[in-house]
Amino acid sequence: MTITDAAAPRLSPDLDACSGAPVDPCGAESGEARIIRDVLSRVGDKWSLLVIRMLHNGPRRFTELHRSIDGISHRMLTQTLRNLERDGLVSRRSYPEIPPRVEYTATELGRSLALPVLGLVEWASTHHASITDSRDAFDAARE
């Protein structure tokens with residue numbers, strides 16, 4: 001999946017009422033900046049991105065998610081799923097069976113996040129070698 005510039009949302013700068021200068025929505029003084037930082041801190045962590053990516057293709061059981069996400073602990077997956085559920089990005093469904101079965105599904109809001117997440121995953125995959133080369137060159141110059 002490729003995200004083009006045409007598909008990317010455009011941020012139109014608001015104008016300051018007094019000076020007429022553009023107001024940066026990510027600026028330190030902006031109330032909107034706090035909202036943006038709050039949301040990005042939740043969806044921007046590596047575990048949330050990976051969970052949203054995994055749920056993009058349909059419901060998954062906890063154990064299936066745990067096996068599929070390399071390096072995540074049981075506790076961290078539980079916490080991540082709980083936070084995503086709290087934010088309305090994931091829904092949890094329990095089935096009254098023995099043993100109990102629980103499935104997690106991306107909500108409509110969570111699915112709307114999948115396109116930018118998958119775009120970020122694609123970008124990371126495409127540019128990983130360049131970033132690694134830059135890190136190696138930087139580290140070598142420091143030695």
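**Reading the fold and its helix contacts**

Modeller: Among the contacts in the protein with a separation of 6 or more, 43% join residues 24 or more positions apart; contact means heavy atoms within 4.5 Å. The model is predicted, so local features need pLDDT of at least 70 and side-chain atom pairs pLDDT 80 or more, whereas totals for chains, interfaces and linings use all residues. Residues are numbered from 1 along each chain as its sequence is written, and side-chain values use heavy atoms, with hydrogens and water left out.

Biologist: How many helices and strands does the protein have, and what pattern do they follow along the sequence?

Modeller: Helices (H or I, at least four residues) and strands (E, at least two) are DSSP runs, numbered from the N terminus. The protein has five of each, and their pattern along the sequence is β-β-α-α-β-α-α-β-β-α.

Biologist: What share of the residues is buried?

Modeller: Buried means under 20% relative accessible area, exposed over 50%, and partly exposed in between, with a 1.4 Å probe and protein chains only. Of the 143 residues in the protein, 26% are buried. The accessible surface is about 10,400 Å², and carbon and sulfur atoms hold 55% of this area; the areas come from the Shrake-Rupley method with a 1.4 Å probe, and for residues only the protein chains shown count as cover.

Biologist: How is the packing of helix H2 with helix H5 to be read?

Modeller: Two packed helices are described by the angle between their axes and the distance between the axes. Axes are lines fitted to C-alpha atoms, for helices over the stretch in contact, and angles run from 0 to 180 degrees between N-to-C directions. Here H2 (residues 46-55) and H5 (residues 108-142) have axes that come within 9 Å and cross at roughly 110°. H2 and H5 are therefore roughly perpendicular; angles under 35 degrees count as roughly parallel, over 145 as roughly antiparallel, 65 to 115 as roughly perpendicular and the rest as oblique. The contact involves Leu49, Ile52 and Arg53 of H2, together with residues of H5 including Leu113, Val117 and Val121.

Biologist: Which residues does Leu113 touch beyond its neighbours within four places in sequence?

Modeller: Leu113 is in contact with Val43, Ile52 and Leu89. Leu113 lies in helix H5 and counts as buried, at 17% relative accessibility.

Biologist: At what angle do H2 and helix H4 pack?

Modeller: H2 and H4 (residues 74-86) pack at about 75°, with axes 10 Å apart, which makes H2 roughly perpendicular to H4. Trp47, Ser48, Val51 and Ile52 of H2 meet Met76, Leu77, Thr80, Leu81 and Leu84 of H4. These divide into seven nonpolar, two polar and no charged; Ala, Val, Leu, Ile, Met, Phe, Trp, Tyr, Cys and Pro count as nonpolar, Asp, Glu, Lys and Arg as charged, and the others, Gly among them, as polar.

Biologist: Where is the cis peptide bond?

Modeller: Most peptide bonds are trans. A cis bond joins Ile98 and Pro99, with omega about -10°. Pro99 is in the loop between strand E4 (90-95) and strand E5 (101-106).
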